[in-house]
Amino acid sequence: MLSAVENQSLPRTAAFFDLDKTVIAKSSTLTFGRSFYQGGLINRRAVLRTAYTQFVFLLGRADHAQMERMRQYLSALCRGWNVQQVKEIVAETLYERIDPIIYDEAATLIEQHHLAGRDVVIVSTSGAEVVEPIGEMLGADKVVATRMVVEDGCFTGEVEYYAYGPTKAEAIAELAASEGYDLSRCYAYSDSATDLPMLESVGHPHAVNPDRALRREALARGWPMLGFSRPVRLKQRLPSFSLPSRPTLAVAGAALLAGAATAAAVWYSGRRRARFGAA
C-alpha cells in the first residue's frame with residue numbers, strides 16, 4: 001500500500017468516472033430540460049418527453065436500444081440551437097440543476113484520487129457543452145464527452161464524436177498513450193453495462209449503482225460494487241460558498257466556471273486527508 005501520495009517514480013495513473021448515475025444522480029443532459037425550456041430552446045411537450053426519458057433512465061431500463069433512441073431524439077431536438085446560448089444557459093443554471101444531485105460518495109472518491117496523485121477524468125456520453133462545466137465544478141483534470149457538429153454557431157443535429165460504449169475505451173487508451181497512464185494501475189467507475197469496455201480497460205474497475213447486466217458481470221468477475229445514495233450540495237461541504245445573483249451569472253458564464261474551479265479547490269483542501277492506497 002502506498003501513502004496518500006503515489007510514488008512519483010511510478011508511471012502516472014488516473015481515475016475514470018462515468019458521469020450520469022455514477023457521479024450525479026440523474027442524466028446531466030436531461031436535467032437541463034427545464035432550463036432549456038425557460039431559455040426558449042424547447043417547448044412544453046419536449047419538456048414532458050424529456051421528463052419521461054429521465055424517468056426511464058433512472059429506473060435503469062435504458063439499455064443500448066433505449067440509449068440509441070435517446071441519442072437520436074436529443075440530436076434532432078438540438079438541431080438549430082445556438083451554441084453560445086446553450087453555454088450561457090448551462091452556466092447560469094449549473095449549480096441550480098447539478099449541485100443538488102452530486103453524490104457525496106463520488107465527490108469523496110474524486111478527492112481521494114486527487115490526494116493519491118491521480119488525474120480524475122470524466123468520461124460521459126452527454127454533450128461537451130454540459131459535461132465540461134460540470135467537470136470544472138467537480139475539479140476534474142480532463143473531460144471526454146460527445147461533440148456535436150457546429151456550423152455558423154449552431155448545432156446541425158449531427159454527431160461529430162459519440163463518447164459511448166467502445167469509444168470510451170478508445171478515448172481512455174488514447175489518453176493513456178498521450179499522458180503516460182499505466183492502465184493496469186488505473187481506476188474506472190460506472191453504473192452501466194454499456195461501459196464494460198471502459199471498465200475492462202483498467203486494472204481497478206468498479207460498478208457503481210450497477211444496472212442488472214453490469215451487476216451480473218461484476219459478480220462474475222469479482223469486481224467491487226459500490227452503492228452511492230447521498231446527494232450533497234457544495235454549500236453543505238463549504239458553508240462559506242455563495243453564488244452570484246442570476247443576472248450576474250447570465251452575463252458572466254465564463255467567470256462562473258473559473259469560480260467553480262476555485263471553489264472546488266478550496267472544497268478539496270477542507271476535506272479530511274483520507275488515505276487511498278494503490279495496488
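Reply: A polar contact here is a pair of N or O atoms within 3.5 Å, where, within protein, one atom must be able to donate a hydrogen and the other to accept it. In this predicted model, the side chain of Ser 192 makes such a contact with the side chain of Thr 194, at 2.7 Å. Ser 192 lies in the loop between strand 5 (187–190) and helix 9 (196–200), and it counts as buried because its relative accessibility is 10%, where the cut-off is under 20%. Leaving aside residues up to four places away in sequence, Ser 192 touches Asp 211 and Leu 214.

The largest nonpolar core has 39 residues, of which Phe 17, Leu 19, Val 23, Ile 98, Ile 122 and Leu 138 touch the most other members. Strand 5 is among the elements that give two or more residues to this core, as are strand 1 (14–17) and strand 2 (119–127), while helix 5 gives the most, with seven residues. Apart from this core lies another, of 24 residues, which includes Tyr 181 and Leu 196.

Strand 2 runs parallel to strand 1, to which four bridges join it, and Phe 17 stands opposite Ile 122 in strand 2. Strand 2 also pairs with strand 3 in the parallel sense over four bridges, with Val 121 opposite Lys 142 in strand 3. Together, strand 2, helix 7 and strand 3 make a right-handed β-α-β unit.

How values were computed: Residues numbered from 1 in each chain as written. Predicted model: local features only at pLDDT ≥ 70, side-chain atom pairs only at ≥ 80, totals over all residues. Heavy atoms only, no water. Buried < 20%, exposed > 50% of the residue type's maximum accessible area, 1.4 Å probe, protein only. Contact = heavy atoms within 4.5 Å. Core = buried A, V, L, I, M, F, W, Y, C linked by side-chain atoms within 4.5 Å. Pairing = 2+ DSSP bridges. Right-handed = clockwise from strand over helix to strand, strands pointing away.
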